[in-house]
Amino acid sequence: MRRGAGKGVVWVLVAGGLLLGCEEPPPPQEIIRPVRAIKVQDTEAFAQRYFPGRAAATQEINASFRVSGQLIERPIDVGVEISKGDLVAALDPSTFQAEVDRLEAEVKSAKATRERTQLELDRQQQLFDKGWVTKARLDTVRATAQSARAGVVAAEAALERARLDLTYTTLFAPFDGVVVETYVENFQEVRAKQPVARVVDTSQIEFWVSIPESLISLTPFVREVLVEFDAFPGRQLPASIKEVKREASQTTRAYDVNLIMDQPEDFKVLPGMAGRATATRIDLPEQDRIEGYEVPLAAIYSPEGEQDYIWIVNEAEMTVTRRPVDAIEAVDRGMKVQGVEPGEMVVIAGVEYLREGQKVRLAQ
């Protein structure tokens, strides 16, 4: 009986193992492919969009001394408008003047020594020519004269540096501007390069905005830009593009663009003020006026060798759909195509590896 019962246990274990072996493996997890994509834009969309930004001064500086000393004069205060060359602050010059006086005396002494040793060298040369002194004696005197000449050069260099340090005890405005901050008071000990006052040039105002990579190619053709600041609603200032950064932000894929404008006469725009800019006139080359919308060349592929396709991202479901397009004409920044509409998101990298209805996510 025991032996038979043992066999029954074995069969139960074997059967259980077979049942476990027959379980279906879990379905493979769907891979969500990261893709880079841009939204199709047109010129009118660019002209109708507002881009937020913030004002900045065209020139700004934390004025500081090149030498250390005690501050004895600071005739400027916050809010004061100053002109280029106006006095910003001054240090006590007495120590620096004393050093200049000492080195001037040292230079005179060095020059006297140089003249005396040169006279002695001339006399010893004459004696050597007559055979009355040895070559060793002449060489010793010549070395002394050379040392005296070098002493003059060193003393004059030290004097020049001391005179420069003396001039550094006065600090002047490098450009026309407004004092927006002061950092030290009279009779305070000031270190070299320690900020004394902050001066900004507000005769012109810069305004930084971020332009998406799908629109940045249009910036060379912008002819008119208007900027409106939140502090002055309804007042629009004409501006122009000063600079376009060459590299996009790694997180937003947008390019920083610097606008510049003149300071208005009837109100004052200050650095840090927020506002928004819009392009009101864009003059495209003739080739860009062809009907159709521009997409990067990397967005187009032809698996059969004839028909061109692009992948459209369904932003609601985050899937891709292949769509045939008609390539019209190559332009400087890509290809003009028909078959897409403004606002649609087009995949611009890795298009050969996608499939219809595939789940995707937008890569940063």
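**Close-up views of a predicted model**

View 1. Strands β11 and β12 make a hairpin with six residues between them, and Gly234 in the turn has a positive phi of about 85 degrees. This is a predicted model, in which local features need pLDDT of at least 70 and side-chain atom pairs count only at pLDDT 80 or more, while totals for chains, interfaces and linings use all residues. Residues are numbered from 1 along each chain as its sequence is written, and side-chain values use heavy atoms, leaving out hydrogens and water. Strands here are DSSP runs of E with at least two residues, and helices are runs of H or I with at least four, numbered from the N terminus; two strands pair if DSSP finds at least two bridges between them. β11 (residues 222-229) and β12 (residues 236-244) run antiparallel, joined by four bridges, with Val227 partnered by Leu237. Four bridges also connect β12 to the antiparallel β13 (residues 254-262), where Val257 is the bridge partner of Val244.

**View 2. Aromatic pairs.** Look here for two of the four aromatic pairs in the structure. Rings of Phe, Tyr and Trp (its six-membered ring) pair if their centres lie within 6.5 Å; planes under 30 degrees apart count as stacked, over 60 as edge-to-face and the rest as tilted.

**View 3. Arginines over rings.** A charge sits over a ring if NZ of Lys or CZ of Arg is within 6 Å of the ring centre and within 35 degrees of the ring normal. The charged end of Arg276 sits over the ring of Tyr50, 4.0 Å from its centre. Arg322 places its charged end over the ring of Tyr309, 3.9 Å from the centre.

**View 4. Two nonpolar cores.** A nonpolar core is a set of buried Ala, Val, Leu, Ile, Met, Phe, Trp, Tyr and Cys residues joined through side-chain atoms within 4.5 Å. The largest has 28 residues, and those with the most contacts inside it include Phe65, Ile82 and Val196. A second, separate core of 27 residues includes Phe207, Ile216, Phe229 and Ile282.

Notes:
Buried < 20%, exposed > 50% of the residue type's maximum accessible area, 1.4 Å probe, protein only.
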